[in-house]
Amino acid sequence: MFQIYLPIAEMSVDIFLLLGMGGVVGFLSGLFGVGGGFLMTPLLIFIGVPPPVAVGSEVNQVVAASVSGFMAHWRRRQVDFKMGVVLLSGGTLGSAFGVWLFGFLRDLGQINLVISISYVVMLGSIGTLMMVESVRTIVRRRRGTTARKKAHVHNWAHGLPFKMRFRTSRLYISAILPVGLGFVVGVLASLMGVGGGFLLVPAMIYLLGMPVSVVIGTSLFQITFVTAVATILHSANTQTVDVVLAGLLTLGAVIGAQFGTRVGAELRGEELRGLLALVVLGVCATLLWRLINEPSTLFSLSVVGLH
Amino acid sequence: MTRALHTFVAIVLAALSLGMRPAAAQDLIADISNHLISITSDFTGTELLVFGAIEGGGDVVVVVSGPRDSVIVRKKDRVFGIWINAESAEFDNVPAFYAVAATNPLEELAAPEQLRLYEIGLAGLRLEAEPDVDEAQEVEFLDALIQLKQENELYPTAPQHIDVVGGRLFRVKIPFPADVPVGSYLVQSFLIRDGLVASAQTSPLVVNKGGFGADLYEFAHAEGELYGILAVLGAVMAGLLGNLLFRRS
């Protein structure tokens, strides 16, 4: 109907389909406070966008999705900038490594496979964890008992060298931990087009022991800058960032997120979280099916030296 | 670069082959309706008119071939239950587009060697695999390459038929699909007599993308870093603007 040509993906797509996808994923991210990159990239692959372009464009969209949240937390002084910069140093290295790996796998003809398998593993584990967590919470609530919260414990991580003091987080820990964590999230951003909040937030709380009050703001700081770096590196090296695609998704997502936030404030969490877990597992199963189902044609062509 | 070189070499060769047969050259005159096909966002395919005149009888063959590149053909195989790209074979000088039109079936016009010499018809195309590809694999992968190209309408299966009016004038329309590859094309017209190419003429054709999308594509590939920085700035502005618009309500 209203087809729009995506110049980097080199395909025409219905403009309302893209706005709608942006809106739905934006709604979900507003509802649950998640980034949404991990849902959007597979959806783009399902509608026929080449997986590399889905990743490159989505990483660009995550910049738009996370920057306003980062600014809001900054205004409330809920960002540990020192921790953020240390995370970001690892994140920049990780994202550079991820873009290099991306190009290497593409030359091998295996990038689509690696993107799909990464998503199957990631969505499968997130979906299962979320499902277990929400079922457990629902059961607990019905029984009327509350979970005991474990206090911050000392673990192996505190024996590592290169200790640094983080005043805002009231921590004195080895810099290796945040640098390493940033690196892993940076690789995920470049390779999968996700912000990585689903990994970053729990790791900052349980592994680094950061106070919950600064975790979200600091993770948004890291996500905004790492996805910005990944966008520039992908543009320079793999030419997979489609700004028309990213722009339309952002437009839909900004509107959807507003409604999501409002609805989320009025509804109870556990059932909804269980529902999101189902969506995540469904997307995971679809991706897995595409990997194991025999393709209609076994052969594919690619032009050497032309990406 | 290589594309431009191929085009140049082909034009020079064509010019030389004409120069060597000055008498026969006048027996064939051909031209095309359009030397530039511009693909804009509403492009749904087009037709190219090839027309001309022959003198003294004979058969006419028109070959339209697109820019030539090295192409990797990959075959999926099942590994641990998952279909992954396993074997591959690389072919050189593969035209991105290849269409043929003729007054009679090609095999009736000339011997395979002659067709192969001038790369007339799919059977005459000299598509050779890299040396590391063994023969059985080469046959299988070459078939797959041609089949995929045919499915995408880039190697049209049925050759267009050329009518010759009054034994002198000929014209034929060559269809181009919506996703025709960009680059430098060659339109070659051959006059065939007694199983031999008696005369040939080559016209260059350029297919390019036009409009906003093409400019953006060009920019993204030529100035990647700048494109990336602008993409980030755009995303930051969009994020902040969205926040600003909705915060008040």
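## Overall architecture

Chain B of this predicted model contains seven helices and 13 strands, taken as DSSP runs numbered from the N terminus (helices H or I, at least four residues; strands E, at least two). Of its 249 residues, 44% are buried, where buried means under 20% relative accessible area, exposed over 50% and partly exposed in between (1.4 Å probe, protein chains only).

Among contacts (heavy atoms within 4.5 Å) between residues of chain B at least 6 apart in sequence, 71% join residues at least 24 apart. The accessible surface of chain B is about 13000 Å², with 58% belonging to carbon and sulfur atoms.

## Salt bridges

Over all chains, six salt bridges are found, each defined by a side-chain nitrogen of Lys or Arg within 4 Å of a carboxyl oxygen of Asp or Glu. One of them pairs R193(B) with D27(B), with the closest N and O atoms 3.0 Å apart. R193(B) belongs to strand β12 and D27(B) to the loop between α2 and β1, so the bridge ties together parts 166 residues apart in sequence. R193(B) is partly exposed at 22%, whereas D27(B) is buried at 17%.

E55(B) and R168(B) form a salt bridge at 3.6 Å, N to O. The two residues lie in the β3–β4 loop and the β10–β11 loop, respectively, 113 residues apart.

## A salt-bridge network

R68(B), E119(B) and R126(B) are linked in a network of salt bridges. Within it, R68(B) and E119(B) have their closest N and O atoms 3.4 Å apart. R68(B) is buried at 17% relative accessibility, and E119(B) is buried at 14%.

## Basis of the values

Local features need pLDDT of at least 70 and side-chain atom pairs pLDDT 80 or more, while totals for chains, interfaces and linings use all residues. Side-chain values use heavy atoms, without hydrogens and water; residues are numbered from 1 along each chain as its sequence is written, and chains are lettered from A and ligands numbered from 1 in the order in which they are written.

Definitions and conventions
Areas by Shrake-Rupley, 256 points an atom, 1.4 Å probe, with all protein chains shown as cover.
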